[in-house]
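I am opening my notebook to record, entry by entry, what I looked up in this structure.

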Amino acid sequence: MNTYLDCYPCFLRQALSAARRAGADFEQQHAVLRWTLTHLHTLPLTTTPPVMAAAIHAQVRALTGVDDPYQTAKQEATAQALARYPTLLAHLDAASDPLECAVRLAIAGNIIDLGVAEQFDLDATLERVLIQPFAIDALDALRQRLDSVEQVLYLADNAGETVFDRPLLDLLRRRGLAVTYVVKAAPIINDATRADALAAGIADGIEIIDNGSAAPGTLLEQCSAAFRERFAAAPLIVAKGQANYETLSALSAPIFFLLQAKCQVIAGDLHVPPGAIVLKGAVL
């Protein structure tokens with residue numbers, strides 16, 4: 001997905017938020033904003049937004065010396081999500097269609113996105129997403145694909161959201177599928193790293209790997225060769241969140257995108273209303 005003009009104020013908001021979370025003083029915050037404005041002058045609109053976001057957050061880390069400005073926020077989000085995990089399991093146990101329920105739970109967790117908003121309401125979001133119609137509904141296609149593969153490459157998104165992924169991961173594993181959960185190699189915004197996945201309780205029977213990158217989404221050119229091989233060979237890829245949609249939606253690959261359209265730009269690109277829930281199927 002290309003960069004839209006409406007992405008520009010979001011880049012500035014992210015830059016200021018990250019700097020403040022890193023404890024930057026006024027001059028450092030001002031420097032980060034000036035750097036961002038300067039680089040926006042030369043940003044091609046054909047660039048996917050996570051390229052600029054990754055550069056901004058790298059600049060914040062370099063300027064402040066803080067490697068993970070969102071560490072506390074990630075820990076708090078994971079704790080909030082874990083407190084609700086019994087509720088997630090209760091919904092799954094009561095579901096007439098466990099796959100649909102697990103997909104909805106995973107999408108509900110996508111509200112935990114500090115790149116988009118500083119606040120979120122897990123309870124209200126869970127209640128909404130469990131009954132909200134899909135704006136794009138590829139559930140039948142996903143169901144058919146799952147019946148024809150033995151492996152799933154699952155691209156994680158954010159810390160805390162990882163807890164909401166667990167019912168779907170466990171369901172896939174119980175169906176006899178080999179599931180690989182892909183996290184970031186280093187901190188970026190509140191994206192999940194290996195430590196965040198383990199803190200969420202993702203362990204038994206699930207392989208956890210990183211993609212070699214510290215950028216939002218999956219910028220394949222910044223990922224490790226080992227991950228790119230796994231990606232190219234995967235018969236089914238589940239991609240969580242907006243940034244994975246931004247970075248991978250133009251590819252011809254067996255990808256299913258699970259997300260909430262939390263910003264106007266993503267909603268417009270998907271041709272859905274803001275706040276829509278999306279299960280978008282592969283384009284092959």
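Is I189 buried or exposed? I noted that I189 counts as buried because its relative accessibility is 7%, where buried means under 20% relative accessible area, exposed over 50%, and partly exposed in between, with a 1.4 Å probe and protein chains only.

Before going further, I wrote down that this is a predicted model, in which local features need pLDDT of at least 70 and side-chain atom pairs count only at pLDDT 80 or more, while totals for chains, interfaces and linings use all residues. Residues are numbered from 1 along each chain as its sequence is written, and side-chain values use heavy atoms, with hydrogens and water left out.

Entry on two loop residues. I found I189 in the loop between β3 (178–183) and α10 (194–199), and its phi is positive, about 45°, although I189 is not a glycine. Helices (H or I, at least four residues) and strands (E, at least two) are DSSP runs, numbered from the N terminus. I then looked up H271, which sits in the loop between α13 (264–270) and β7 (277–280) and has a positive phi near 60°, again in a residue other than glycine. H271 counts as exposed because its relative accessible area is 73%.

Entry on Q260. This residue lies in strand β6 (residues 255–260), and I recorded Q260 as buried because its relative accessibility is 2%. The side chain of Q260 is joined to that of R128 by a polar contact of 2.7 Å (a pair of N or O atoms within 3.5 Å; within protein, one must be able to donate a hydrogen and the other to accept it, and residues adjacent in sequence count only if both atoms are side-chain atoms). Leaving aside neighbours within four places in sequence, Q260 is in contact with residues including I107, T125, Q242 and A276, where contact means heavy atoms within 4.5 Å.

Entry on a helix pair. I looked up how helix α6 (residues 98–108) and helix α8 (residues 139–146) pack, and found an angle of about 110° with their axes 11 Å apart. That makes α6 roughly perpendicular to α8, a term for angles of 65 to 115 degrees. Axes are lines fitted to C-alpha atoms, for helices over the stretch in contact, and angles run from 0 to 180 degrees between N-to-C directions. In this pair, L99, E100 and V103 of α6 meet L139, L142, R143 and L146 of α8.

Technical notes. Angles under 35 degrees count as roughly parallel, over 145 as roughly antiparallel, 65 to 115 as roughly perpendicular and the rest as oblique.
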